[in-house]
Amino acid sequence: MASALVRRARGSAAAAPALWAAARGIASVGSDIVSAAPGVSLQKARSWDEGVATKFSTTPLKDIFHGKKVVIFGLPGAYTGVCSQAHVPSYKNNIDKLKEKGIDSVICVSINDPYVLNGWAEKLQAKDAIEFYGDFDGSFHKNLDLEIDLSAALLGHRSHRWSAFVDNGKIKALNVEKAPSEFKVSGAEVILDQI
Amino acid sequence: MAPIGVGDTLPDGQLGWFDADDKLQQVSVHGLAAIKKVVLFGVPGAFTPTCSNQHVPGFINQAEQLKAKGVDEILLVSVNDPFVMKAWAKTYPENNHVKFLADGLGTYTKALGLELDLSEKGLGIRSRRFALLADNLKVSVANIEEGGQFTISGAEEILKAL
């Protein structure tokens, strides 16, 4: 899947990042996010009791993306530094601006189980603004080629830090950090300019 | 791998742990358990109800009694990453003795033969619920639950055996 990435980082000519991105073959602007990950579902963050009550149901991607303007961001892990202190707050604090621009949902996805994600979302008091979904087996990120091996940090296969604006399933903007510890292009301010 | 049982030697393995100074460490099980009496108990998942509300509190609350009976270390292991284990440990401010250890990739759980597939619940491969007592790495008590129950793997049963 070696497709070139056009990343509209704010104000910069994306030469070096495009080379790096092309080598990695990430899902690109213009592609359909649902078709890129066929048969994949995500698990809405929930308590165990909610899981039992809904028979541990999963949400297919088309229910999340079809007919909607969605801003989605992915991060390596619940309860980790940049994710907790910068990435989620960036979207929580800009939720009104995002809604003003016609965004229907703001989604946070990571390779965590839905119960850990729920505990974290409640701790960050972000559940009102953001919908949290768990890609517990990594299949969503694997299909989009947004996976990174963080086994050295005992995290296993996780997501890169990234953000995207998806309109009725079509990726209109896609920003991926060079390293998961960085937080330069995947925040709310950048994507607000790209909507 | 067959589940670990009485008479077996506790296998070695690396687990993740944020120590008292908040530094991420990789600790070896043998390093923690050799020449000591240790309780090792495992749970399917951080932030899930039976684990959080019953299994873990049992060991936290009985820690002093366990120590009085000669237990040197009380080790909790779960297939979660160390950040999640640290956050979960923080929800028990009264805990003084239980070490929350992360078997992030499930390797140690597999070495114990105690893995459990909970994929349909959104958890992936996790650990069975269990409690072991080991004396200088020799397992003297192995209480392993079937499924998600919580009947024999609590602190009470370990205390009875000491």
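Biologist: How many residues of chain A are in contact with chain B?

Modeller: On the chain A side there are 19 residues, and they are in contact with 23 residues of chain B. Bear in mind that this is a predicted model.

Biologist: What area is buried between chain A and chain B?

Modeller: About 1,700 Å², and carbon and sulfur atoms give 71% of that.

Biologist: Which three residues supply more than any others of the area that chain A buries?

Modeller: A:Trp48, A:Tyr79 and A:Leu154, which together supply 39% of what chain A buries against chain B.

Biologist: How many salt bridges and polar contacts are there between the chains?

Modeller: The rule finds two salt bridges across the interface. For polar contacts, the count is three residue pairs, with both residues at pLDDT 80 or more.

Biologist: Which elements of chain A give two or more residues to that side?

Modeller: Helix α7 (114-123) and strand β7 (156-159) of chain A. The largest share is that of α7(A), with three residues. By class, the side of chain A that touches chain B has twelve nonpolar, five polar and two charged residues.

Biologist: Back to the salt bridges. What does B:Asp81 pair with?

Modeller: With A:Arg158, the closest N and O atoms being 2.7 Å apart. The pair crosses between chains, from the loop between β4 (73-78) and α4 of chain B to strand β7 of chain A.

Biologist: Is B:Asp81 buried or exposed, and what about A:Arg158?

Modeller: B:Asp81 has a relative accessible area of 3%, so it counts as buried. A:Arg158 is buried too, at 6%.

Biologist: Which helix end does B:Asp81 cap?

Modeller: The N-terminal end of α4(B), where a side-chain oxygen of B:Asp81 lies 2.8 Å from the backbone nitrogen of B:Phe83. B:Phe83 is one of the buried residues of that helix (residues 82-90), and the others are B:Pro82, B:Val84, B:Met85, B:Ala87 and B:Trp88.

Biologist: Aromatics next. How many pairs over all chains?

Modeller: The count comes to 13. One of them is A:Tyr79 with A:Trp120: the ring centres are 6.5 Å apart and the planes at 50°, so the pair is tilted. These two are 41 residues apart, A:Tyr79 being in the loop between β3 (69-75) and α5 (81-93) of chain A and A:Trp120 in helix α7 of chain A. Both A:Tyr79 and A:Trp120 are buried.

Biologist: Stacked or edge-to-face for A:Tyr79 and B:Phe47?

Modeller: Stacked, because the planes are at 10°, with the centres 5.2 Å apart. B:Phe47 lies in the loop between β3 (37-43) and α2 (49-61) of chain B, so this pair joins two chains. B:Phe47 is buried, as is A:Tyr79.

Biologist: Which residues do ring pairs link into a cluster with A:Tyr79?

Modeller: A:Trp120, A:Phe132, B:Phe47, B:Trp88, B:Tyr92 and B:Phe100. B:Trp88 is also among the buried residues of helix α4 of chain B.

Biologist: What else is in α7 of chain A?

Modeller: A:Asn118, for one. With a relative accessible area of 5%, A:Asn118 is buried. Beyond its neighbours within four places in sequence, A:Asn118 is in contact with A:Ala45, A:Arg46, A:Ser47 and A:Lys127.

Biologist: And B:Gln26, where is that?

Modeller: In strand β2 (residues 24-28) of chain B. B:Gln26 counts as partly exposed, at 43% relative accessibility. Not counting residues up to four places away in sequence, B:Gln26 touches A:Ala152, A:Leu154, B:Gln14 and B:Leu15.

Biologist: Which residues are linked with A:Asp167 in a network of salt bridges?

Modeller: A:Lys69 and A:Lys172. The A:Lys69 bridge is 3.4 Å, N to O. That pair links strands β3 and β8 (residues 162-167) of chain A, 98 residues apart. For A:Lys172 and A:Asp167, the closest N and O atoms are 3.8 Å apart. A:Lys69 is partly exposed at 30%, and A:Lys172 is partly exposed at 39%.

Biologist: How many helices and strands in chain A overall?

Modeller: Nine helices and nine strands. Chain A has 195 residues, of which 53% count as buried.

Methods:
Residues are numbered from 1 along each chain as its sequence is written. Chains are lettered from A and ligands numbered from 1 in the order in which they are written. This is a predicted model: local features need pLDDT of at least 70, side-chain atom pairs count only at pLDDT 80 or more; totals for chains, interfaces and linings use all residues. Side-chain values use heavy atoms; hydrogens and water are left out. Contact means heavy atoms within 4.5 Å. Buried area is the accessible area (1.4 Å probe) that two parts lose on being put together, summed over both. A salt bridge is a side-chain nitrogen of Lys or Arg within 4 Å of a carboxyl oxygen of Asp or Glu. A polar contact is a pair of N or O atoms within 3.5 Å; within protein, one must be able to donate a hydrogen and the other to accept it, and residues adjacent in sequence count only if both atoms are side-chain atoms. Helices (H or I, at least four residues) and strands (E, at least two) are DSSP runs, numbered from the N terminus. Ala, Val, Leu, Ile, Met, Phe, Trp, Tyr, Cys and Pro count as nonpolar, Asp, Glu, Lys and Arg as charged, and the others, Gly among them, as polar. Rings of Phe, Tyr and Trp (its six-membered ring) pair if their centres lie within 6.5 Å; planes under 30 degrees apart count as stacked, over 60 as edge-to-face and the rest as tilted. Buried means under 20% relative accessible area, exposed over 50%, partly exposed in between (1.4 Å probe, protein chains only).
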